[in-house]
Amino acid sequence: MCCAVQMKSGSSVEKARPENGKRQRRVAANNDRYGIHDSGPARSPTRGSRDFSGSPAVAVVFFVIAAGCFRQPNESAESRSIYRSLLTGELKPRATGRLFCAEAAWDKLPTMTSEAVVRPRISKTWITASNRLSARWGSFYAANRSTFAWLSRGPVFHLLIVVTGFLIIFSRRPDAILNAQFWAEDGQRWYADAYQFGLRCLLIPDELGGYFHSVSRLAALVSLIFPFSVAPLVMNLCAIGIQILAASIFLSSRFSNIALLKRLVIAFVYFALPATFEVDANATTIQWHLALLACMVLLAPSTQSWKWHAFDGTVLVLISLDSPLGVVLLPVAAAVCWIRRNRGSAISAGLLLPGALIQGVTVLLSHSRPAAPNGANFHRLISILGGQIFISPLLGNTTLVHMAWRHFPDYIFARETFAVVVGLSIVLYALRYAPVELKLFILFGVAILSLSLARPIPGTLPQPMWEVMSFPGHGNRYYYLPSIAFMAALIWIASSAPKVPRWIAWLLLLMLPLGIVRDWRYPDFVDLHFQEYASKFEASPPGTKISIPLNPVNAAHWTMELTKH
């Protein structure tokens, strides 16, 4: 401290030993200057002197000394509070022995070796716009947390979600509403069997897949209530409803542990995800959206509400009776039950078990699923993983086709190999550091992909199955849930990981708008004039047989055979 202070012999400065350090000498100098001695009370001021004890001037001098010698640019909030108290006179120095009564406060001030000094200070120039926006949104969300919680529980908010989700789905394929037609099994099996057998159709396994499709058949039974001309529309609306329900549940208070803004972004990505043509607005692929919903209710935070328990139980029973995906969900439910060890998780696993056993036994005993050569090899595996799992969800199917056939077709395998390396790195990083719920969801996607590649339903093309599945746009129903799992891992890394992996994730996510824009509008179904066939069928007498062509128009020649009641 560079302060010129005259010292008298016998003063407290002389008594201060050198080994006591700078702080003791400084305190002793101030004690001597303001008349404070070891003997106790301060001595009487001499003639012409002024007693500054307890006055604001002492606090100002003390503050200036402390601020000039010890204050660092990154002092703690506690230190700033001490400085403020000394400056305003709330903490007054007075004689109480050898040291000021503020010595305790002095001891809390940062020194040259304290953590406040050692901790590096980040320059504001390195704070990105994203960080500033995140900080502002975080403070705004924290200040209005109760409002957001009330909003996510309100019916108006969920009505807006339903309307917005419906409009997004409608904008991607308007003909699903404006010119609704049956798609493949929707007409050939679900509606035809419901019309012919009524409720007994729920007991008929699918002759191609070899398992039960209870929810799709229920949608067909509901459509029987309405005229035949609107039956495809009713079934499409049932599929769209389950598709929207998954987003609505994710945006509900059930997932309030995730920030609302983050959930809104994820819900939009879910609705706008590229390369999802096969699973969009048709009853045949309800099982994929229902499986996503079932996995969500398993991984959601525990709840004490009986309404949520009833909803969870209904979803789990339906998925277990609608497809073998309930069998894949059973290990997820068991893992959640083992981790949480509560009654709700055990009940969820128990509700999945009967339907999963029924589906498993049916698949093993039916032998109705046709066999076809897989043609599995390493090159095709790289093409499927790199092109269909890691590139398509980001850049879209349209971009992937252009990359494969128009832009540098000689480097297709190199691009797919690079995508596999990056994509697997993302997935493995999330499996190492992500929350356990996200880890289970990723493993669920991996299990679905493994089973899909093991025994996919053969198509109409003569090539081996893995070769067909590596073509852009083929079999993307099998890649739907694995792609969502990859996107979930990518979004988590972009929002929660350290700097380097977060930047890599953001760099990849910057490609997503291109895929969304280029894959936003799906092609309409081929107009097969269903309304004309429906009018003819409704006007025909009982016993009339009619054959109605169906989409997709390919070598399988999908048709629906009906006999008028």
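Mentor: Let us begin with Ala 281, which counts as buried at 2% relative accessibility. Buried means under 20% relative accessible area, exposed means over 50%, and partly exposed lies in between, with a 1.4 Å probe and protein chains only.

Trainee: Before we go on, what kind of model is this?

Mentor: It is a predicted model, in which local features need pLDDT of at least 70, side-chain atom pairs count only at pLDDT 80 or more, and totals for chains, interfaces and linings use all residues. Residues are numbered from 1 along each chain as its sequence is written, and side-chain values use heavy atoms, with hydrogens and water left out.

Trainee: Thanks. Where is Ala 281?

Mentor: Ala 281 is in the loop between helix 14 and helix 15. Helices here are DSSP runs of H or I with at least four residues, strands are runs of E with at least two, and both are numbered from the N terminus. Ala 281 has a positive phi of about 60°, although it is not a glycine.

Trainee: What about Ala 275: which loop holds it?

Mentor: Ala 275 is also found in the loop between helix 14 and helix 15. Its phi is positive, about 60°, and it is not a glycine. Ala 275 counts as buried at 16% relative accessibility.

Trainee: And helix 14 itself, how many residues does it have?

Mentor: Helix 14 has 13 residues and reaches 18 Å from its first C-alpha to its last, close to the 18 Å expected at 1.5 Å a residue. The expected span is 1.5 Å times one less than the number of residues. Among the buried residues of helix 14 are Leu 260, Arg 263, Ala 267 and Tyr 270.

Trainee: Why do residues three or four places apart point the same way in an α-helix?

Mentor: An α-helix has 3.6 residues a turn, so residues at that spacing point the same way.

Trainee: Switching to rings: how many aromatic pairs are there in the whole structure?

Mentor: A search of the whole structure finds 21 aromatic pairs. Rings of Phe, Tyr and Trp (its six-membered ring) pair if their centres lie within 6.5 Å; planes under 30 degrees apart count as stacked, over 60 as edge-to-face and the rest as tilted. One of the pairs is Phe 182 with Phe 530, edge-to-face at 5.4 Å centre to centre and 90° between the planes.

Trainee: Which parts does that pair tie together?

Mentor: Phe 182 lies in the loop between helix 10 (175-178) and helix 11 (185-197), and Phe 530 lies in helix 26 (residues 530-539), so the pair ties together parts that are 348 residues apart in sequence. Phe 182 is buried, with a relative accessible area of 2%, and Phe 530 is buried at 5%. Another pair is Phe 277 with Phe 525: the ring centres are 6.3 Å apart and the planes are at 80°, so it is edge-to-face. Phe 277 is in the loop between helix 14 and helix 15, and Phe 525 is in the loop between helix 25 and helix 26, 248 residues apart.

Trainee: What sits over the ring of Phe 525?

Mentor: The charged end of Arg 173 does, 4.0 Å from the ring centre. A charge sits over a ring if NZ of Lys or CZ of Arg is within 6 Å of the ring centre and within 35 degrees of the ring normal. The charged end of Arg 172 sits over the ring of Trp 520, 5.5 Å from its centre.

Trainee: New topic: what does the side chain of Ser 216 reach?

Mentor: The side chain of Ser 216 reaches the backbone oxygen of Ala 283 at 2.8 Å. This is a polar contact (a pair of N or O atoms within 3.5 Å; within protein, one must be able to donate a hydrogen and the other to accept it, and residues adjacent in sequence count only if both atoms are side-chain atoms). Ser 216 is found in helix 12 (residues 214-223) and counts as buried at 0% relative accessibility.

Trainee: Last one: where is the cis peptide bond that involves Pro 552?

Mentor: It joins Asn 551 and Pro 552, with omega about 5°. Pro 552 is in the loop between strand 1 and strand 2.
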